[in-house]
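Reader: I would like a close look at one part of this protein, the helix packing. Please set it in the context of the whole chain and keep to what the model shows.

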Amino acid sequence: MAKTSTERMRELRARKREMKKEVEKALAPTTYVKPLSTFFSETQRTGFSTYAVILGDKWWDFKDDDGIQPFDMEALDDEEMKNASNSLGKAELLLSVFQDIVTALSSDINAYKRSEINERIREIETLDFSDPDTRKNALANMMRLQKMLDHLNKDSRWTMSQWEVSID
């Protein structure tokens, strides 16, 4: 059966996305030189220990109608504990915590990548441009790095099912 133009375009976009991912993977070792762990320790990133305290014990278990069981009861205020006292409340609290984790981690990775890209740009700026090939390669790399920085300026959009109910 012949494909429609919509199907062909969808496949083309998918192939282009995959090619971009492959290019990023190939460029990663030369662009992101410093390990992320070093960046975290140098910039005093706290990681996710505060979230682990909130999640506590058996946060993934929904066999019973148990609420959240944080490791530190003071990690949540009384209202949050009351709202998360059953499995539905626990699930909604988990969703909120996971959103915070995703936001924090994406921000940290963005800062790390920006730092490394800016470092590669500074390295290019210190090169000797007397050789035409060096100048050409440096210009191409500079444009690639600048495009990467521009891409990091964009926000991503995720589509999620609505979980909150309100009657207006």
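Author: The radius of gyration is 23 Å in this predicted model, whereas a compact globule of 168 residues would have one near 15 Å. Along the principal axes, the C-alpha atoms fill a box of roughly 70 × 55 × 30 Å. Of the 168 residues, 19% are buried. Among contacts with a separation of 6 or more, 56% join residues 24 or more positions apart.

The protein has six helices and zero strands, so its pattern along the sequence, which follows from the DSSP runs, reads α-α-α-α-α-α. Helix α5, residues 87-125, is the part to look at, and its partner here is helix α6, residues 132-152. The axes of these two helices come within 10 Å and cross at roughly 160 degrees. An angle over 145 degrees counts as roughly antiparallel, and α5 and α6 are therefore roughly antiparallel to each other. The crossing in which α5 passes α6 is left-handed.

On the α5 side, the contact is made by N110, K113, R114, I117, N118, R120, I121, I124 and E125. On the α6 side, the residues are A138, N141, M142, L145, Q146, M148, L149 and L152. Sorted by class, this contact of α5 with α6 has nine nonpolar, four polar and four charged residues.

Helix α5 also meets helix α1, residues 5-31. The axes of α1 and α5 come within 10 Å and cross at roughly 70 degrees. Angles of 65 to 115 degrees count as roughly perpendicular, and α1 and α5 are therefore placed in that group. From α1, the residues in this contact are E24, T30 and T31. They meet K113, E116, I117 and R120 of α5. By class, the contact of α1 with α5 has one nonpolar, two polar and four charged residues.

K58 lies in the loop between α3 (49-55) and α4 (78-83). Although K58 is not a glycine, it has a positive phi of about 55 degrees. The relative accessible area of K58 is 43%, so this residue is partly exposed.

Conventions: Residues numbered from 1 in each chain as written. Predicted model: local features only at pLDDT ≥ 70, side-chain atom pairs only at ≥ 80, totals over all residues. Heavy atoms only, no water. Axes fitted to C-alpha atoms, helices over the stretch in contact; angles between N-to-C directions. Helix = DSSP H or I, 4+ residues; strand = E, 2+ residues; numbered from the N terminus. Parallel < 35°, antiparallel > 145°, perpendicular 65-115°, else oblique. Left-handed = near helix turned anticlockwise from the far one by under 90°. Contact = heavy atoms within 4.5 Å. Nonpolar A, V, L, I, M, F, W, Y, C, P; charged D, E, K, R; others polar. Rg over C-alpha atoms; globule rule 2.2 N^0.38 Å. Buried < 20%, exposed > 50% of the residue type's maximum accessible area, 1.4 Å probe, protein only.
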